[in-house]
Every structure is written in C-alpha cells, then in structure tokens.
Amino acid sequence: MDLLSLTFRSLDLRSNKRQPEDFLRLKKENVVERDETSKQFKRRSKQTTDEIRSSSRDESKQLKTINMDEVAWHDTVDNCWIVIHDFVYDCTDFLSSHPGGSDVILEYAGRDATLAFIGTGHSSMARQSLERYLIGELPAEERIFRVPNGVKLAGF
Ligand code: HEM
C-alpha cells in the first residue's frame, strides 16, 4: 500500500460524525419540519453546504473539465493553478493577497493542495472565498474525493 492510500485510509477511520462545517457535504439531509399552516409535518431537504456553494455559482456556465496534466502546466507565480477537493482553482491573482503568503500556495502550484489547505485550518470564510477562483473540476476518473452521488472520503 502506498503512502497516499495510507493517508486516505487513516482519514477514513476518523469519526464519521458530521461536523457543522463539513466542506464536502454533498448528500441532502432529510429533515422533518412542521408546516404551521396545515399543522402537518412534512419532509423537506435541508440546504447543504454544497448547494450553497453551487447556488452562488453561475449555473448556466458548465464547469469545465480539466485534467491533472493540464493543471501541471500552470505552476508559476504568474500562472498558478491548484486543485482542492477535485476542483481546479486559478489563484494567480490571489497570490499576493493571500494572508498566509504566496510561497505556501506556490509550493502546490500545478498540483493537488487539498491536504495542505485542510491541514492549515482555513476558516469557513477562506473556504467560501475559494469559489471566486474556481475554473473547473477534474474528470471523474482522476478524482480522489468526490464520486457522482457523494464523497469518497468523509470526515473533512
Ligand atoms: C486559493 C486557495 C486559498 C485561499 C482562497 C486561501 C485563503 C486564506 C485565507 C482567507 C486565510 C486567512 C485565514 C483564514 O480565514 O482562514 C488564509 C490563511 C492561510 N493560508 Fe490560505 N488560502 C488558499 C490556499 C492555501 C494553501 C494551498 C496553503 C498551503 C499551505 C495555505 C496556507 C495558509 C496559511 C499557512 C495561512 C495562515 C496565515 C497566518 O495565520 O498567518 N493557503 N488562507
């Protein structure tokens, strides 16, 4: 087993109890709610983090599929793409204003920065600001974190 699978396996072993700020909560949670007008209980789907993310995105614009080979070409200070949770971000314009400095991001230019991004404990504000730099997503076969109906790895 290689180091990467060991890392992911240990992440998988973490408690799967949901945290309020789960970054990748892709499945809808069914909640029961009382409808005051009809005095009946009805089921509705609670809005999840991911729906909030996608609602702020221009839905008419299909997210472009970008593979890791392409991402790897964008690894310089004036052309810096990174991958977080299988999404591709162009953070070139953000480098100079990143509160943690440009060097830490440049270390991951053209590569997957998910574990570094999570590991540095970014706030929910930081996670939301990612949206601004989103340019695409990895093709299904190259994804590590997401599968069509949810997440491959839970606990983040
Ligand atoms: C486009 C991607 C990124 C965005 C939008 C972003 C955003 C931010 C923001 C808003 C903060 C301020 C603190 C907070 O609100 O959490 C921050 C801090 C920080 N970020 Fe990032 N970040 C990105 C990528 C990264 C990456 C890849 C690393 C890699 C290690 C990193 C390392 C750090 C560190 C170390 C701090 C702490 C700075 C301090 O407290 O002095 N960031 N980031």
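1. Start with Val83, which you'll find in strand β5. With a relative accessible area of 0%, Val83 is buried. The C-alpha atoms of Val83 and Tyr108 are separated by 8.6 Å, although the two residues are 25 apart along the chain. Keep in mind while you look around that this is a predicted model.

2. Have a look at the backbone here: His85 has a positive phi of about 50°, although it is not a glycine. Is His85 buried or exposed? His85 is buried, because its relative accessible area is 1% and the cut-off for buried is under 20%.

3. As for accessibility, Asp86 has a relative accessible area of 0% and is buried.

4. Now for the aromatic rings. How many aromatic pairs does a search of the whole structure find? The search turns up 1. The partners are Phe94 and Tyr133, with ring centres 5.0 Å apart and planes at 40°, so the pair is tilted.

5. Phe94 lies in the loop between β6 and α4, while Tyr133 lies in the loop between α6 and β8 (134-137), so the pair ties together parts that are 39 residues apart in sequence. Both partners are on the buried side of the cut-off: Phe94 has a relative accessible area of 18%, and Tyr133 has one of 15%.

6. Phe94 also brings us to the ligand. The ligand is surrounded by 18 residues, and the closest are Phe94, His98, Pro99, His122 and Ser123. If you're wondering where to look, the ligand sits in the largest pocket.

7. Three of those neighbours deserve a zoom on their side chains. For His98, an N or O atom of the side chain is 2.8 Å from a nitrogen atom of the ligand. The side chain of His122 has an N or O atom 2.7 Å from a ligand nitrogen. With Ser123, it is an oxygen atom of the ligand that comes in, 2.5 Å from an N or O atom of the side chain.

8. What is the shell around the ligand made of, by class? There are 12 nonpolar and 6 polar residues, and no charged residues. Looking at helices, α4 (102-106), α5 (114-119) and α6 (124-129) each supply at least two residues of this shell. Which of the elements gives the most to the shell? That is α6, with 3 residues.

9. Last stop: Arg143, found in the loop between β8 and β9 (146-147). At 16% relative accessibility, Arg143 counts as buried, since the cut-off is under 20%. The side chain of Arg143 is joined to that of Glu137 by a polar contact of 3.4 Å.

Technical notes:
Residues are numbered from 1 along each chain as its sequence is written. This is a predicted model: local features need pLDDT of at least 70, side-chain atom pairs count only at pLDDT 80 or more; totals for chains, interfaces and linings use all residues. Side-chain values use heavy atoms; hydrogens and water are left out. A residue is near a molecule or strand if one of its heavy atoms lies within 4 Å of it. A polar contact is a pair of N or O atoms within 3.5 Å; within protein, one must be able to donate a hydrogen and the other to accept it, and residues adjacent in sequence count only if both atoms are side-chain atoms. On a 1 Å grid over the protein atoms alone, a cavity is a set of points where a 1.4 Å probe fits but cannot get out, and a pocket is an open set with protein on both sides within 12 Å along at least five of seven lines; lining residues have an atom within 4 Å of a point. A molecule sits in a cavity or pocket if more than half of its atoms lie within 2 Å of its grid points. Helices (H or I, at least four residues) and strands (E, at least two) are DSSP runs, numbered from the N terminus. Ala, Val, Leu, Ile, Met, Phe, Trp, Tyr, Cys and Pro count as nonpolar, Asp, Glu, Lys and Arg as charged, and the others, Gly among them, as polar. Buried means under 20% relative accessible area, exposed over 50%, partly exposed in between (1.4 Å probe, protein chains only). Rings of Phe, Tyr and Trp (its six-membered ring) pair if their centres lie within 6.5 Å; planes under 30 degrees apart count as stacked, over 60 as edge-to-face and the rest as tilted.
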